[in-house]
Amino acid sequence: MLQPYIPVLILLALSAAQAVGMVVLSQVLSPGGATKSKSTPYESGMTPLGSTRERFSVKFYVVAILFIVFDVETVFLLPWAVQARALGWGGFAAVGIFVFILTVGLIYEWKKGALEWD
């Protein structure tokens, strides 16, 4: 009864063994512990300027959330576009309602000033 699942279980076991093996191997082969130069912050080839505890405006987060919302919209619209003819008018109506709701949300955010960079 479980015969078809054996390859999946073997793959899962091999993947888990490989992950654990890589972590163990990196601990065994890594040179020494943390040093001062290893612990210093480093990003994009430059040392960071200013404090790392700087607060950002809420607008950055609002724009990030809006980006995610419309990115997810694209993720939903691409498969629909591939199968648009097969889904017929019912699929078209469903996507029309989906896009309408997102458009209303975008207009609301626009009217509230969430897209202004003052």
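Helices here are DSSP runs of H or I, at least four residues, numbered from the N terminus. Helix α1 covers residues 6-29, and its end C-alpha atoms are 34 Å apart.

The model is predicted: local features need pLDDT of at least 70, side-chain atom pairs count only at pLDDT 80 or more, and totals for chains, interfaces and linings use all residues. Residues are numbered from 1 along each chain as its sequence is written, and side-chain values use heavy atoms, leaving out hydrogens and water.

Now the aromatic rings. The structure holds 3 aromatic pairs; rings of Phe, Tyr and Trp (its six-membered ring) pair if their centres lie within 6.5 Å, with planes under 30 degrees apart stacked, over 60 edge-to-face and the rest tilted. Phe76 and Phe98 have ring centres 5.9 Å apart and planes at 80 degrees, so this pair is edge-to-face. It links distant parts of the chain: Phe76 sits in helix α3 (residues 58-82) and Phe98 in helix α4, 22 residues apart. Phe76 is exposed at 52% relative accessibility; Phe98 is partly exposed at 29%.

Trp89 and Phe92 also form an edge-to-face pair, 5.6 Å centre to centre with 85 degrees between the planes. Both lie in helix α4, 3 residues apart, about one turn of the helix. Ring pairs link Trp80, Trp89 and Phe92 into a cluster.

Conventions:
Helix = DSSP H or I, 4+ residues; strand = E, 2+ residues; numbered from the N terminus. Expected span 1.5 Å × (residues − 1). Buried < 20%, exposed > 50% of the residue type's maximum accessible area, 1.4 Å probe, protein only.
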